[in-house]
Amino acid sequence: MDNRLIPITKTVDALVIGGGPAGSSCALWLHKLGVDTLLVEAGDRLGGLQRRSPYENLWIPGVMGQTGEQVAEALHAHIVAAGVPHLLQTRIGNIRPTAEGYEVTFGTTRVLTKHLIVATGTKPNAGPFQPSDCVVIGPGHPMENLPVDNRKIAILGGGDNAFDQARFVLQRGAKSVTIFSRTTPRAQALLQASVPEVRVIVGPYTADPARLTVNGDRFDGFGVMYGFMASVPEGLNITNENGYVEVNRDGETSRPQVWACGEVTDYWHPCVTTAAAHGIQVAKQISRRLARTPATIPS
Ligand SMILES: Cc1cc2nc3c(=O)[nH]c(=O)nc-3n(C[C@H](O)[C@H](O)[C@H](O)COP(=O)(O)OP(=O)(O)OC[C@H]3O[C@@H](n4cnc5c(N)ncnc54)[C@H](O)[C@@H]3O)c2cc1C
């Protein structure tokens, strides 16, 4: 359907795409700074990647004894309690600049916004694999749901998540865990040392997910830990050669009044605290910009 046939449903000052720690924090601050804001999230709850994590999050200063999931739930509750306008289960597909502003259309809704904030984070990199009952992509809940008891598990990848998940799989009673890493593992030395019982095979390998074999050796399950890749809505052309959104020090992209924050920008140390802080910095910049001059958006 031609987007122009859909009537404009809403006009806002700032539309935040993605309700993880970066987008939720950005929307919360914008709202509290008096900016007319709409937060749009593809999932059915806010909290982003933290929803995948059943593990205790030990890394947020001042927040203790909470799992990732609980951190996500607290973020969700905060946005609701603060009255930040938001839409769930709404995936932003296409965005285009217009004379009136950036136009974002989803389903039968068309929103015009002066400022657009991309906080769409990352998703686990599946490489050539498809998820199945025996093949899990990325860390967290999906791995925890993989049956491992007395089974032989192969983990593909050599980063922190590969070694972390190997440890959890062993704790859950796996018979053996083998990590296959094409290059020397990049995981922190401490993490590698924490799983001495794991076999690590370095070098090229051929993994067959249908037969569950790696280099011909049969396993009962695969965990694919190939890192994460940026999730970027189409239509903006703001990504660098690695597929992440390029921003300046203020968090603004090469497109005027299009901003990005959190992991989608390949933040130098991605975690909940840095993602939230980045979202807040962007919110402050936008509120300053709006206070200084009314936004004008080139067509
Ligand atoms: C298993 C696991 C454990 C972790 N443990 C920790 C930890 O202990 N401590 C810590 O600090 N960090 C941890 N992290 C990392 C932390 O979760 C991330 O750094 C953080 O969530 C990044 O926040 P973000 O807002 O940039 O992106 P995300 O959390 O990825 O949020 C992006 C949001 O955007 C939404 N979205 C994407 N595309 C669209 C679209 N087109 N339209 C609408 N919405 C969209 C997604 O659904 C998602 O909710 C962990 C991550 C994982 C996977």
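Trainee: How do the residues of the lining of the second largest pocket divide into nonpolar, polar and charged?

Mentor: This is a predicted model, with pLDDT of at least 70 needed for local features and 80 or more for side-chain atom pairs, while totals for chains, interfaces and linings use all residues. Residues are numbered from 1 along each chain, and side-chain values use heavy atoms, without hydrogens or water. A pocket is an open set of 1 Å grid points that fit a 1.4 Å probe, with protein on both sides within 12 Å along at least five of seven lines, and lining residues have an atom within 4 Å of a point. With Gly counted as polar and Cys, Tyr and Pro among the nonpolar, the lining is twelve nonpolar, six polar and no charged.

Trainee: Which element gives the most to that lining?

Mentor: The 18 lining residues include Ser 25, Leu 75, His 78, Val 272 and Ala 276, which lie nearest the pocket centre. Two or more residues come from each of α1 (21-32), α2 (68-81) and α6 (272-292), helices being DSSP H or I runs of at least four residues. With six residues, the top contributor is α2.

Trainee: Is Cys 261 buried or exposed?

Mentor: The structure holds zero disulfides, meaning cysteine sulfur pairs within 2.5 Å. For Cys 261 the nearest cysteine sulfur, that of Cys 26, is 4.7 Å away. Buried means under 20% relative accessible area and exposed over 50%, with partly exposed in between (1.4 Å probe, protein chains only). Because its relative accessibility is 1%, Cys 261 counts as buried.

Trainee: Where does Cys 134 fall by accessibility?

Mentor: Cys 134 has 30% relative accessibility. Therefore, Cys 134 counts as partly exposed.
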